[in-house]
Amino acid sequence: MSDILSPRQVAAQWFQRLWNEHDGSVIAELMAPDCRAELEGGQVTRGPAEFAGFYGTLLDTFPDIRVTILDISEEGDRAYVRWEAGGTHCGTALGITPSKCAHAFRGITWMKVQNGKIVEGGDCWNQGGLLARMAAAVPA
């Protein structure tokens, strides 16, 4: 039996530990050093350190963020995750005055996994809609 995690297992751990337990150490643990991540809004990160900056921005903005996995599909070396996230807008990291309102948003993340590490990935969600709701201080 192999100790290497499957793409589905990597995805499940990634979302649970990173976004629900707020355990940033999982970034270096599950992401390959040269991982390329295509993020919503056109941002691209390379490697765990750059992705950790993105993670820190979201965690500062939504310190109580929680993500619910709605579906995980695995095909070969890829995992596809449909998720729903929510949190209270408390930080200024996205350049918007905190509204203290709860906001929810949904998206899809894909990841390519080799030897138990994410080597490539990306996500798609309505970041523009979320930012507009935050700026208008209207909870989702």
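First, the ground rules. This is a predicted model, in which local features need pLDDT of at least 70 and side-chain atom pairs count only at pLDDT 80 or more, while totals for chains, interfaces and linings use all residues. Residues are numbered from 1 along each chain as its sequence is written, and side-chain values use heavy atoms, with hydrogens and water left out.

Cysteines. Cys90 is partly exposed at 31%, and Cys101 is buried at 17%.

Next, the helix. Helices (H or I, at least four residues) and strands (E, at least two) are DSSP runs, numbered from the N terminus. Helix H1 covers residues 7-20 and includes Phe15. Phe15 is buried, with 3% relative accessibility. Beyond its neighbours within four places in sequence, Phe15 has contacts (heavy atoms within 4.5 Å) that include Val67, Ile69, Trp83 and Met111.

How do H1 and H3 cross? The axis of H1 comes within 11 Å of the axis of helix H3, residues 47-61, and the two cross at roughly 55°. Axes here are lines fitted to C-alpha atoms, for helices over the stretch in contact, with angles from 0 to 180 degrees between N-to-C directions. The two helices are therefore oblique to each other; under 35 degrees counts as roughly parallel, over 145 as roughly antiparallel, 65 to 115 as roughly perpendicular, and the rest as oblique. H1 contributes Trp14, Leu18 and Trp19 to the contact, and H3 contributes Phe51, Phe54, Tyr55 and Leu58.

Last, the rings. The whole structure has seven aromatic pairs. Rings of Phe, Tyr and Trp (its six-membered ring) pair if their centres lie within 6.5 Å; planes under 30 degrees apart are stacked, over 60 edge-to-face, and the rest tilted. Phe62 and Phe105 have ring centres 6.1 Å apart and planes at 45°, so this pair is tilted. Phe62 sits in the loop between H3 and strand S3, and Phe105 in strand S5, 43 residues apart. Phe62 is buried at 0%, and Phe105 is buried at 8%. Phe62, Trp83, Phe105 and Trp125 form one aromatic cluster.

Definitions and conventions: Buried means under 20% relative accessible area, exposed over 50%, partly exposed in between (1.4 Å probe, protein chains only).
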